[in-house]
Amino acid sequence: MKKFVNDPGDVLAEALRGIDAAYPDLRVDAANRLILRAQPTREGKVALVSGGGSGHEPLHGGFVGLGMLDAAAAGEVFTSPTPDQVLAATQAVDSGAGVLHIVKNYTGDVLNFDMAAELAAAEGLQVEAVVVADDVAVQDSTWTAGRRGTGTTVVLEKIVGALAEEGADLATVAALARRVSAAGRSMGVALTSCTVPAAGRPTFDLPDDEMEIGVGIHGEPGRSRVALASAREIAKLMVDPIVHDFGEPVGPAIVLLSGLGGTPLIEQYLLYGEIAPLLEEAGVDVRRVLIGDYITSLDMAGASLTVVKADDEMLRLWDAPVVTPGLRWGA
């Protein structure tokens, strides 16, 4: 294993130290392993809290800042944050208008966020939650009941974060979050496994001449393992299941193509060049595109495609200013 690590057991703590040193607009709570905005939540603003296992950066901590999250709870690599962490994040950012929890559909995340919400409610805090379950690859997976939560999470955090900045109340913010979640579909492909630092070896074996169709962001099995194919063929294997799952014309859409951590941008651009005409042919009216590493799986070579059916409000909020380590425009 060749990685920039000191002790594999200290990767998260030391990465948080680096984030704290790099971004003056953020504040790191090392004891609770939280990433927060440096400035307190303004009075009357709904706060957004998300989180999950580390190893998917910039998700979630890289999306803390103006126009997106107020706090992110960082679990160990591929391990859910604890209820105490999520509760501490909720307490830290609540300003009286309530808190929205944004949760990817993995069993540990759902259980721990649910427990944290119950504890917060017992203290008199208003908490709503949205669970993202957008992966069309499989119905149930290693760590989930139902579909996994993947790339739609990024789009949701951006859109809903913008609405929260405008001063919408908790019920309105939560309702939009559920609309975006329901409007998203994702599909991933892996060319290699990933290596968790504490394990020191690949999570699964994938021969050089094979690829995993529908892989999960923790290396969970997908739909099938097939012979390595061209980018044109891979694009079709990603687009077709998404279009089929919508079951109706998609129309205007926001599209995210995220590398999984080990795929160069030149390959991501090449792959999108094959994806774009397939989407057009299928009736997807692509209004916004985001390409790069936004939801990753450590050093996995591969990509995940997300299509979110977008109405005018979603498109407007997508264009709103955002200032985070992972996304930045319009400000």
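Visitor: Why is His-56 called buried?

Guide: In this predicted model, His-56 has a relative accessible area of 1%. Buried means under 20%, so His-56 is buried.

Visitor: Where does His-56 lie, and what does its side chain reach?

Guide: His-56 belongs to the loop between strand 3 and strand 4. Its side chain reaches the backbone oxygen of Thr-296 at 2.6 Å.

Visitor: Which residues is His-56 in contact with, leaving aside its neighbours within four places in sequence?

Guide: They are Phe-78, Ile-217, His-218, Tyr-294, Ile-295, Thr-296 and Ser-297.

Visitor: Phe-78 is in that list. Is Phe-78 buried or exposed?

Guide: Phe-78 is buried, because its relative accessible area is 12% and the cut-off is under 20%. Phe-78 is placed in the loop between strand 4 and helix 2 (83–93). Its phi is positive, about 60°, although Phe-78 is not a glycine.

Visitor: Arg-33 also has a positive phi. Why does Arg-33 count as partly exposed?

Guide: The relative accessibility of Arg-33 is 25%. Arg-33 sits in the loop between strand 1 and strand 2 (34–37), and its phi is near 55°.

Visitor: What is the strand order of the open sheet?

Guide: The six strands of the open sheet have the order 1-2-4-3-5-6, and the pairing is mixed. From one strand to the next the twist averages 20°.

Visitor: What makes strand 1 and strand 6 edge strands?

Guide: Strand 1 (26–29) and strand 6 (127–132) each pair on one side only.

Visitor: How do you know that strand 3 and strand 5 pair?

Guide: Pairing needs at least two bridges. Strand 3 (residues 47–54) and strand 5 (residues 99–104) have three bridges, in the parallel sense. Val-49 stands opposite His-101 of strand 5.

Visitor: How many bridges join strand 5 to strand 6?

Guide: Six bridges join strand 5 to strand 6, and the two strands run parallel. The bridge partner of Val-103 in strand 6 is Val-131.

Visitor: Why is strand 5 called largely enclosed?

Guide: Six of the six residues of strand 5 are buried, so strand 5 is largely enclosed by the rest of the structure. On one side Val-99, His-101 and Val-103 are buried, and on the other Leu-100, Ile-102 and Lys-104 are buried.

Visitor: Which strands does helix 5 lie across?

Guide: Helix 5 (residues 170–183) lies across strand 3, strand 5 and strand 6, and runs at about 5° to strand 6.

Visitor: Which residues have the most contacts inside the largest nonpolar core?

Guide: Leu-48, Leu-100, Ile-159 and Val-173 have the most contacts inside this core of 51 residues. Helix 4 (residues 152–165) gives the most to the core, with eight residues. Another core, of 26 residues, lies apart from it, with Val-136, Val-250, Leu-257 and Val-307 among them.

Visitor: Which residues is Leu-48 in contact with, leaving aside its neighbours within four places in sequence?

Guide: The contacts of Leu-48 include Met-68, Leu-100, Ile-102, Val-160 and Val-173.

Terms used: Residues numbered from 1 in each chain as written. Predicted model: local features only at pLDDT ≥ 70, side-chain atom pairs only at ≥ 80, totals over all residues. Heavy atoms only, no water. Helix = DSSP H or I, 4+ residues; strand = E, 2+ residues; numbered from the N terminus. Axes fitted to C-alpha atoms, helices over the stretch in contact; angles between N-to-C directions. Contact = heavy atoms within 4.5 Å. Buried < 20%, exposed > 50% of the residue type's maximum accessible area, 1.4 Å probe, protein only. Core = buried A, V, L, I, M, F, W, Y, C linked by side-chain atoms within 4.5 Å. Polar contact = N/O pair within 3.5 Å; in protein donor to acceptor, adjacent residues only side chain to side chain.
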